[in-house]
Amino acid sequence: MLNFDFYNPTHILFGQGRIADLNKVIPAEAHVMLLYGGGSIKQNGVFDEVVSALGTRKFTEFTGIEPNPSYETLMKAVEVVKQGGIDFLLAVGGGSVIDGTKFIAAAALFEGDDPWAILEKRGNNITQALPFGSVLTLPATGSEMNSGSVVTRKSMKAKMAFSSRYCYPKFSVLDPTKTYSLPVRQVGNGAVDAFVHVMEQYMTYPVNSPVQDRFAEGLLLTLIEEGPKALAEPENYDVRANLMWCATMALNGLIATGVPQDWATHMIGHELTALHGIDHAQTLAIILPSMLRVRKEAKRAKLLQYADRVWNLRDGDEDTRIDAAITRTQDFFEQMGVKTRLSDYALDASHISPILSALETHRMVALGEKRDVTLSISQQVLEMSL
Ligand code: NZQ
Ligand code: ZN
């Protein structure tokens with residue numbers, strides 16, 4: 001096992017009815033900025049419950065944080081916060097709203113000239129952030145219990161990630177009943193995103209970390225079992241609860257302890273979203289199967305373990321088992337309604353070169369757990385994904 005630091009201060013309030021407990025975890029005197037997206041929280045009752053829990057606290061609304069939150073939109077909120085008064089941010093929504101709120105929290109107190117520098121330095125230049133919490137409505141990203149955020153600067157077609165120990169939510173409320181209203185596309189996206197988060201931290205090379213491996217395999221098996229049930233029975237509380245906690249556990253730092261991490265699939269995926277507006281999880285469903293096929297030798301030992309423990313594949317030679325495990329993975333994404341080929345999203349070979357150029361511009365030329373995923377390997381992965 002590798003050396004590691006594990007730090008995660010986020011307080012989780014899980015279960016039906018927990019939005020009311022915002023009253024206990026937000027300071028009584030706070031002036032809250034209530035941030036949300038395109039309005040789903042107005043339709044499913046979440047907004048009303050949140051406002052009721054805020055009680056007599058003063059609050060200011062900031063609406064319109066879009067999927068793949070943009071720097072341009074978020075900077076408008078930063079300006080409002082800088083006018084003074086607001087001292088607590090409350091994100092109500094999916095990963096985009098929470099990620100956007102993290103950026104606003106850091107940018108509002110940023111001492112440099114242009115907060116875009118936060119993205120350029122991947123968050124290493126953050127020294128403080130406003131306190132914030134979240135009410136999660138879409139299990140997928142893990143943003144509710146991690147310190148990461150991904151922001152898109154539309155004018156530059158750049159989608160970049162940052163993280164900082166100052167950007168953990170103080171708390172997150174996870175009420176599984178609030179996910180009943182999710183469209184099927186977002187249910188599928190959520191399960192695929194969480195699945196690929198686990199894979200980015202698990203599917204590397206062995207370092208003798210049986211605890212982390214078995215945690216990771218437990219999360220993968222749970223997603224495989226519960227994901228299709230959420231599509232079939234949208235109002236099954238237990239299914240929604242298990243998926244919600246699974247997605248949080250997939251990216252809260254726990255399974256990353258002491259193990260190498262990959263993230264090449266995510267980095268290529270971000271370029272696909274920035275250039276073509278493809279949903280985050282859709283990009284992962286396109287890239288991961290090809291990434292595993294192209295990097296089969298480097299990942300051989302873990303692929304065999306995955307085939308055995310996650311997909312119960314024990315017959316046939318090694319290559320047969322590995323190939324079958326990758327096919328099963330791709331089939332699972334399709335079963336969740338997430339298409340797995342570039343051509344499914346109207347992209348062809350002519351689109352590959354601009355993606356490679358974007359990777360180069362963003363210095364994504366040595367990716368993966370061994371930093372050996374060069375542009376030429378990314379090209380092979382993209383060509384195999386057509
Ligand atoms: O905007 P509203 O109207 O709220 O609608 C949203 C949005 O259209 C809707 N939605 C959310 N909860 C709902 C609901 N609709 C009905 N009922 C509900 N309960 O779902 C749509 C998508 O929401 P979004 O927040 O964009 O989805 P997701 O949670 O998948 O977040 C994706 C973003 O997170 C980033 C992605 O890159 C992307 O920008 N990620 C963040 C990570 C992190 N912070 O650690 C890691 C991930 O790998 C990922 O990169
Ligand atoms: Zn992701």
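How many nonpolar, polar and charged residues are in the lining of the second largest pocket? By class, that lining has nine nonpolar, one polar and two charged residues. Here Ala, Val, Leu, Ile, Met, Phe, Trp, Tyr, Cys and Pro count as nonpolar, Asp, Glu, Lys and Arg as charged, and the others, Gly among them, as polar.

The model is predicted: local features need pLDDT of at least 70, side-chain atom pairs count only at pLDDT 80 or more, and totals for chains, interfaces and linings use all residues. Residues are numbered from 1 along each chain as its sequence is written, chains are lettered from A and ligands numbered from 1 in the order in which they are written, and side-chain values use heavy atoms, with hydrogens and water left out.

The second largest pocket holds about 160 Å³ of space. Its lining includes Y7, P9, F132, Y166 and Y168. The charged residues R165 and K170 also line this pocket. Grid points are joined across faces, edges and corners, and a volume is the space filled by probe spheres set on the points.

A search of the whole structure finds two cavities of 30 Å³ or more. The largest cavity contains about 90 Å³ of space. Among its lining residues are P139, T179, L223, R240 and A247. Helices α7 (184-202) and α9 (237-250) each supply at least two residues of this lining. The largest share, five residues, comes from α7. Helices (H or I, at least four residues) and strands (E, at least two) are DSSP runs, numbered from the N terminus. The lining of the largest cavity divides into eight nonpolar, three polar and one charged residue.

The second largest cavity has a volume of about 30 Å³. It is lined by M199, E200, M203, D262, T265, L288, L292 and K299. Two or more of these residues come from each of α7 and α11 (280-294). By class, four are nonpolar, one is polar and three are charged.

D262 also takes part in a salt bridge, with R295 as its partner. The closest N and O atoms of this pair are 2.8 Å apart. R295 lies in the loop between α11 and α12 (300-309) and D262 in the loop between α9 and α10 (264-276), so the pair ties together parts that are 33 residues apart in sequence. Both R295 and D262 are buried. Buried means under 20% relative accessible area, exposed over 50%, and partly exposed in between (1.4 Å probe, protein chains only). Elsewhere, K296, E297, R300, E318, D319 and D323 are joined into one network by salt bridges that share partners.

The structure holds 20 salt bridges in total. A salt bridge is a side-chain nitrogen of Lys or Arg within 4 Å of a carboxyl oxygen of Asp or Glu. Side chains of opposite charge can pair when their charged atoms come close. One such bridge joins D21 and R18, at 2.7 Å from N to O. D21 is buried, at 14% relative accessible area. R18 is partly exposed, at 26%. Another bridge links E226 and K229, at 3.1 Å from N to O. Both residues lie in helix α8 (residues 210-232), three residues apart, about one turn of the helix. E226 is buried, at 9%, whereas K229 is partly exposed, at 35%.

Two residues other than glycine have a positive phi near 55°: R122 and N208. R122 is found in the loop between α6 (116-120) and β5 (132-136). Its relative accessibility is 29%, so R122 counts as partly exposed. N208 lies in the loop between α7 and α8. N208 is exposed, with a relative accessible area of 64%.

F4 is found in the segment before β1 (11-14). F4 is partly exposed, at 43% relative accessible area.

Key. On a 1 Å grid over the protein atoms alone, a cavity is a set of points where a 1.4 Å probe fits but cannot get out, and a pocket is an open set with protein on both sides within 12 Å along at least five of seven lines; lining residues have an atom within 4 Å of a point.
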